[in-house]
Amino acid sequence: MTATISQTGFISKRAKQRLIDTLRQKGIQNEAVLGAIADSPRHDFVEEALKSRAYEDKALPIGYRQTISQPYVVALMTEQLLGKQSRLRAVLEIGTGSGFQTSVLSKLVDRVYTIERVGPLFRRARKYFSEQGIDNIFLRHADGTAGWPTRRPFDGVIVTAATPQIPQALFAQLSEGGTLVAPEGAEGKQKLSTWKKIGRQFQHQSFEDVTFVPLVTGVEH
Ligand code: SAH
């Protein structure tokens, strides 16, 4: 029994190192981001049958018609969110899903606020973070399109579901100099976008084609 556990640990350590090498090859340069991903046990965020594939650079199903994002996309979005800063104070994430992106953020941000609309996903993530004793992640079961007004402002907002129109409330809750990162566009033609708030203006940049599940309004219990 013990041998099996340590063997699995050994295998995932090597698989994880390979994943970090892949992320570097694909252009991720921020060492803090790579470190946070190396510190995040992605196998904890996928179901039993997919654990052997947890360190592949692929999105995987997590049930409820949702997916855990591809590690490269998690790394890229986190890198964009941080910009030149090494640490952020408060980040709002829309779409907790498996909690993997949340976990990566929790290592780089003082407080992570995350909202999930699907009840069972919200409860599973909440249970996991509480069991792990992680105390800088705050979760909410709600429709994230309204943001989290009582916790504003956020120096980063990350949306992990795609929408042609980023909800106005999310821009309103961004602090001066803050960055919002989101997959923007209709189904089948989404691009990763960043919006940086400078005074009353927003600097918009669009790069990388991505495929995300859609941002949906309302909650599921
Ligand atoms: N970062 C997550 C991605 C999960 S997929 C991960 O890597 O696991 C996107 C998630 O966004 C899904 O769990 C979906 O239920 C959630 N979602 C979609 N629309 C939402 C909304 N309006 N409010 C909150 N969560 C939403």
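Is alanine 90 buried or exposed? Select alanine 90 and you will find that this residue is buried, with a relative accessible area of 3%, where buried means under 20% relative accessible area, exposed over 50%, and partly exposed in between, with a 1.4 Å probe and protein chains only.

Before going further, keep in mind that this is a predicted model, in which local features need pLDDT of at least 70 and side-chain atom pairs count only at pLDDT 80 or more, while totals for chains, interfaces and linings use all residues. Residues are numbered from 1 along each chain as its sequence is written, and side-chain values use heavy atoms, with hydrogens and water left out.

**Stop one: strand E3**

Stay with alanine 90, which is found in strand E3; strands (E, at least two residues) and helices (H or I, at least four residues) are DSSP runs, numbered from the N terminus.

**Stop two: the ligand**

Select the ligand next, together with the 26 residues around it, of which Ser98, Glu116, Asp143, Gly144 and Val216 come nearest; a residue is near a molecule if one of its heavy atoms lies within 4 Å of it. By class, this shell has 11 nonpolar, 11 polar and four charged residues, with Ala, Val, Leu, Ile, Met, Phe, Trp, Tyr, Cys and Pro counted as nonpolar, Asp, Glu, Lys and Arg as charged, and the others, Gly among them, as polar. Colour strands E2 (66–68), E3 (88–94) and E4 (109–116), each of which supplies at least two residues of the shell, and note that the largest share, three residues, comes from E2.

For serine 69, show the backbone, where a polar atom is 3.0 Å from an oxygen atom of the ligand. For glycine 144, a backbone N or O atom lies 2.8 Å from a nitrogen atom of the ligand. Taken alone, the ligand exposes 580 Å², and the protein buries 99% of that, with accessible areas taken from the Shrake-Rupley method and a 1.4 Å probe.

**Stop three: the loop between E1 and E2**

Move to tyrosine 64, in the loop between strand E1 (60–63) and E2, where phi is near 55°, a positive value in a residue other than glycine. Tyrosine 64 is partly exposed, with a relative accessible area of 42%. Arginine 65 lies in the loop between E1 and E2 as well, and has a positive phi of about 65° although it is not a glycine; at 69% relative accessibility, arginine 65 counts as exposed.

**Stop four: a cis peptide bond**

Select arginine 152 and proline 153, which are joined by a cis peptide bond with omega about 0°. Proline 153 is found in the loop between strand E5 (137–141) and strand E6 (154–159).

Glycine 188 is found in the loop between strand E7 (174–184) and strand E8 (190–198), and counts as exposed at 78% relative accessibility. Finish in helix H2 (residues 31–38) with alanine 36, which counts as buried at 3% relative accessibility.

Methods:
Polar contact = N/O pair within 3.5 Å; in protein donor to acceptor, adjacent residues only side chain to side chain.
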